[in-house]
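Colleague: Hi, could you walk me through this model? I'd like to go over the overall make-up and then some of the details.

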Amino acid sequence: MMTGNSRAKVLLAVALALVATLAIGLAPAVSADRTRLQPGWDLFSPEQDIQIGKRLAAEVPKQMTLLNDPRVDNYLNEIGRTLVPHAPGFKYPYEYRCVNSAAINAFALPGGYIYINRGVIEAASTESELAGVMAHETAHVALRHGTSQASKAYIAEIPAALLSGWLGNNSGLGSAIVQMTTGFVMNSVFLKYSREDESQADVLGTQILYDSGYDPRALARFFEMIQAKSKSQPIEFFSDHPNPEHRVERVMEEVDKLGGPESGYKEDSRQFHEIQKYVDKLPPPPKKQTPQPQ
Ligand SMILES: [Zn+2]
């Protein structure tokens, strides 16, 4: 026979079991299956990502020509506002700008400064493909790949830093940031992602696309399209983002994990094609472009 106390315990256990069952039943199966990604080891704080990114962003116009067209930048930021709420982790002040270069490429600085070449807008066939490239770059920021790579480079430099007095004047990390954010170092440190980083940005970018209501297969389509183009012309994107075949496969694997595209997903917009036509009619990009960050 049960005492009042133990009956209460049994009732509680039954209630908890019921709640647990309901919770499992209600949890969307798709989110349980998606690949979980976290930022890697990093010496810097997320706030420092923003400081460093700001400093690097000031260097960008010295190294390449920005399009500086509000209509195009506003459009990119409009897509950005759809994507950003679905970027996990620290809430960076994401900002997207168009670079006046026909090369199919894009890059992201720490803290949310993202640059999309005019060539990406021209090459994409739908808004979701452009959004796919933007989501990939957004993922690099959310996963903090820039400062994570810089942290590894900094650790590797410590013996030299000690000799040159970097750390001797007590401003160690601060002066390291200054050194790392100038010219060549920016390209070779902050934009030197590993293949693993690229694969993570594809996977998280695909999740961001899916969560934003876009066709999550768009990044794979973009890769296939530029891979076909790369047979007749060198594609800059692949020198920074190698191994296209495997990447298409990995994106499609993640789409399966997400349970396929959601019904009513967004594929394209009239606005995208208007912007594409508008960009097409702008004066051609300057011929002599400083090489893009590698
Ligand atoms: Zn990338």
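Colleague: Great. What should I keep in mind about where the model comes from?

Modeller: This is a predicted model.

Colleague: Okay. How many helices and strands does the protein have?

Modeller: The secondary structure comes to 14 helices and three strands.

Colleague: And what share of the residues counts as buried?

Modeller: Of the 294 residues, 38% count as buried. Among contacts between residues at least 6 apart in sequence, 77% join residues at least 24 apart.

Colleague: Let's do the sheet. What is the strand order?

Modeller: The order is β1-β3-β2, in an open sheet of three strands with mixed pairing. The edge strands are β1 (95–99) and β2 (106–109), and each of them pairs on one side only. On average, neighbouring strands of the sheet are turned by 20° against each other, ignoring direction.

Colleague: Which side chains of β3 go to which side?

Modeller: Tyr-113, Tyr-115 and Asn-117 are on one side, with Ile-114 and Ile-116 on the other. Both faces are covered, as these residues are all buried. As a general point, side chains in a regular strand alternate between the two faces of the sheet.

Colleague: And the residues of β2, buried or exposed?

Modeller: They are buried: Ala-106 and Ala-108 point one way from β2, and Phe-107 and Leu-109 point the other way.

Colleague: Which helix lies across β1 and β3?

Modeller: Helix α4 (residues 70–83) does, running at about 140° to β1. Leaving aside its neighbours within four places in sequence, Leu-76 is in contact with Tyr-96, Cys-98 and Ile-116.

Colleague: How far apart are the C-alpha atoms of Leu-76 and Ile-116?

Modeller: They are separated by 8.6 Å, with the two residues 40 apart along the chain.

Colleague: Why does Leu-76 count as buried?

Modeller: Because Leu-76 has 22 other C-beta atoms within 10 Å, and the cut-off for buried is 20 or more.

Colleague: Changing topic: how do α6 and α11 pack?

Modeller: Helix α6 (residues 127–142) and helix α11 (residues 218–229) pack at an angle of about 100°, with their axes 8 Å apart. The two helices are therefore roughly perpendicular to each other.

Colleague: Which residues meet there?

Modeller: On the α6 side they are Ser-128, Glu-129, Ala-131, Gly-132, Val-133 and His-136, and these meet Ala-218, Leu-219, Arg-221 and Phe-222 in α11. By class, this contact has five nonpolar, three polar and two charged residues.

Colleague: Last topic, the backbone angles. What is the phi of Asn-68?

Modeller: It is near 50°, a positive value in a residue other than glycine. Most residues other than glycine have a negative phi. Asn-68 is placed in the loop between α3 (46–63) and α4.

Colleague: What about Arg-144, where is that one?

Modeller: Arg-144 is found in the loop between α6 and α7 (145–164). Just after α6, Arg-144 takes a positive phi of about 60°.

Colleague: Is Arg-144 buried or exposed?

Modeller: Arg-144 is buried, with 24 other C-beta atoms within 10 Å. Asn-68, in turn, counts as exposed, with 12 C-beta neighbours inside 10 Å.

Technical notes:
Residues numbered from 1 in each chain as written. Predicted model: local features only at pLDDT ≥ 70, side-chain atom pairs only at ≥ 80, totals over all residues. Pairing = 2+ DSSP bridges. Helix = DSSP H or I, 4+ residues; strand = E, 2+ residues; numbered from the N terminus. Axes fitted to C-alpha atoms, helices over the stretch in contact; angles between N-to-C directions. Contact = placed C-beta atoms within 7 Å. Parallel < 35°, antiparallel > 145°, perpendicular 65-115°, else oblique. Nonpolar A, V, L, I, M, F, W, Y, C, P; charged D, E, K, R; others polar.
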